[in-house]
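Thanks for making time this morning.

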Amino acid sequence: MSAKIPLGLRAEVDDLYARYATILDEGPLGSWSSLFRVDGSYRVITRENLDRGLPLALILCESRAAIEDRTYAIENTTFALPRQTRHLITNLVTTEAEKSDGWRVEANFAVFESLEERPTRCHSTGRYRDILARDDDGDLCFVEKVCVCDSPLVPNSLIIPL
Amino acid sequence: MSAEEMAAAVKASDSIWSVEGAHRVPYRLYTDAEIYRRELDRIFHGPYWSFVGLEAEIPNAGDFLTTRVGESSVIVVHGSDGVIRVLQNKCAHRGLEVCKRSHGSVKSFQCPYHQWRYGLNGRLLGAPMSKGVNGQGGMPEDFKRRDHGLNALRVATRGGVIFASLDDPAQSLEDYLGPKMIRWFDRVFDGRRLRVIGTSRQRIPANWKLMFENIKDPYHASLLHVFLVSFGLFRADNPSATEMDETGRHSVLTSCRSDAKEASTPNRATAEMASFREDLKLKDEKLLDIVKEFDGSETVVMQTIWPNLIVQQQANTLATRQIVPRAPDSFDLIWTFFGYADDDDAMCARRLRHANLMGPAGFVSMDDSEVMDAAQRGIAADSSGDAVVEMGGRGTEDQDHIVTETAIRAFYAYYRQVMES
C-alpha cells in the first residue's frame, strides 16, 4: 500500500491537468511545452501496439525541444482543416513513483473534435500514464507523458495533441 | 453500322470519360456507388496481387493476422507446416467472421456460433452434433467435412511480403511487378529478416484512389509539405524521377535529398514555393539525423503497387501502407512500420523518431489526410466535370523529374482498361 497522497498535492495535480487541457483547447499552444521538464517526454501510442510489445508511437517527443518542434509544426508548417478540440480528463489516480522522486498519475481522457459543417465527434479515448515531478521553481510538471489510445483506428488525422 | 461498331459506339457514349487519354479524370469516379461496386469486383476482388501483410508479423506456426482484400475479411496464418496461407474469414456454415482479433497465435480457429472448428490450413476439423444426438438430428449422410473448409486465396510472397488474390492473377508476382518495379521493391525487401516496429491505422473520409494519386503526385509534395520542402527532404529542384511498369499500374517516385546547407538556401525553385521557410530550424535535430542505408543516392523512394500497396522509404522510416476501401467516400490506411532484425539500438531509435514524419500524426502525412478530406468534400458537393491532370504533359511516359502528374495518368489509363473492358 503506497503512502496516502495529501489533499494539497492532489489539488496541485488536478490543477496541472486542468491547465494542460485548457492550453490544448483554448491556447496558446506555445505554452504546452512549458508543462514539461526540459528532459520531459511525450508519446502517443495505441493499445494495439502496446499489447503486442511494439514500440511505435503516433507522436514521439523525447525532449521539451522536440515538443516545441511539434508545436511549431502544428502552428506553422501543417495544413489542417480548422478544428476545435475538447479534452476531458477524469478518474485521476496519483501514487508515489517507484523509481524516482515524483509521482505516477494515471487518468482517463476523452478528446472531442469539432470541424466546420460537421457535428462534434469523439476523436479518441484512452489512458494517460504519466510521471510528474517538481521543477526548479517547485511547480509540478510532466517528466513523462504517455497517452495510450483505446482504438487502433484514428479518425482521419491527429493534429492537436491528446 | 455493324454490330461490333454499334457496341463500340454504345460503349463510347456510356463512358463517363470526356477525353481519350487519362489527363481529365471524371469526378464521378470518387462518389458513384455503382462505380465503387465495380471497382471492388474488378480490381480488389479481381485477378491482381493484393498486399495482406509481412511474414515478420506472423513468424511462428499458429501466428495469424486478420486484414482485408478489398472489403473481404481474410486471415493470414502461418501453418504448422510452415506454409503461409490466406483464408477467407467467413465460416463455411453461416458466414460469420471466424476470427475477430487483429493478431494472435492459435492452434485452430473456432466459429463462436455453432463451434465449427478449422485447422490452420482452413480444413474443417469438427462440427458439433453433425452425427446427431441420441439418434436425433445431425447433418445429412452425404455431409463431408472436406467440402466445408475456409476458402483459401492464392498466395505469393517475396522478400518477406505477403500478397494474395481472391481470383487467379495468372501472372507470377515477379511478372506482375515487372523488372522495373522489382528493382525498387527488392531495394527495401532485400531478403534480410524484417522487424515490425508497429502499426498505425487511420480512417480517411475520401475515395481510395485519392490516396494512390497522392503518392503518384510528386508535384504536390514540393508545395504542400512545408516540412519536407524546408528541410530539403523532397524538393522540385532535387534530382528525381517518376517511373512506371509497362502497364502503368505500378509506379515509383525517387528523389535525392539536397545537403542540409544547400537545402536552407533560397533559390529560383524555392521562390516558387510559397511554403518555403528559410528560417525553419529544429530545436531537437535528432528528428532528422539521417543515415544512408541503401545503395544509390536516392533518399526517398515511394512505390505504389496496384491495387492496394504503397511502399515508403523516406529518411530512415520504412513502412508499407495498405489501402482498404470501405465506401466511395471512405477508406482505411494501415501503416506497418518496420526495420531489419539486424538493426542496432541506435537505428531502432532513429526509425521510431523518423516515424514522426509519417502516419496519422506525421509532420508530412497529416497534410495529406487533411487534403484528401478537403478534396472529397469539394468533389462530393458537385461531382460534375473533370479533374485536370496535365502537369508534365498529357502522356504517360517516365519522366526524370517530379514536376509532373504522369504517374496519375498512367494509373488511370490502366484503370480505364480494367473498368471499361
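Domain bounds here come from an automatic or database domain assignment. This is a predicted model, in which local features need pLDDT of at least 70 and side-chain atom pairs count only at pLDDT 80 or more, while totals for chains, interfaces and linings use all residues. Residues are numbered from 1 along each chain as its sequence is written, and chains are lettered from A and ligands numbered from 1 in the order in which they are written.

Chain B is divided into domain 1 (50–156) and domain 2 (192–420), and their centres, taken over C-alpha atoms, are separated by 36 Å. Eight residues from domain 1 of chain B and 14 residues from domain 2 of chain B form the contact, where contact means C-beta atoms, placed from the backbone, within 7 Å.

Now the helix, α2 of chain B, residues 33–44; helices are DSSP runs of H or I with at least four residues, strands runs of E with at least two, both numbered from the N terminus. B:Tyr36, B:Glu39, B:Ile43 and B:Phe44 are buried there, that is, 20 or more other C-beta atoms lie within 10 Å of their own, C-beta atoms being placed from the backbone, whereas 12 or fewer means exposed and anything in between partly exposed. Why do they lie on the same side of α2(B)? Because they cover an arc of only 65° around the axis, judged by the directions from the helix axis to the C-beta atoms. B:Glu34, B:Arg37 and B:Asp41, on the other side of α2(B), are exposed. The buried residues pack against β2 (50–54), β3 (63–69), β17 (317–327) and α11 (406–420) of chain B.

Technical notes: Contact = placed C-beta atoms within 7 Å.
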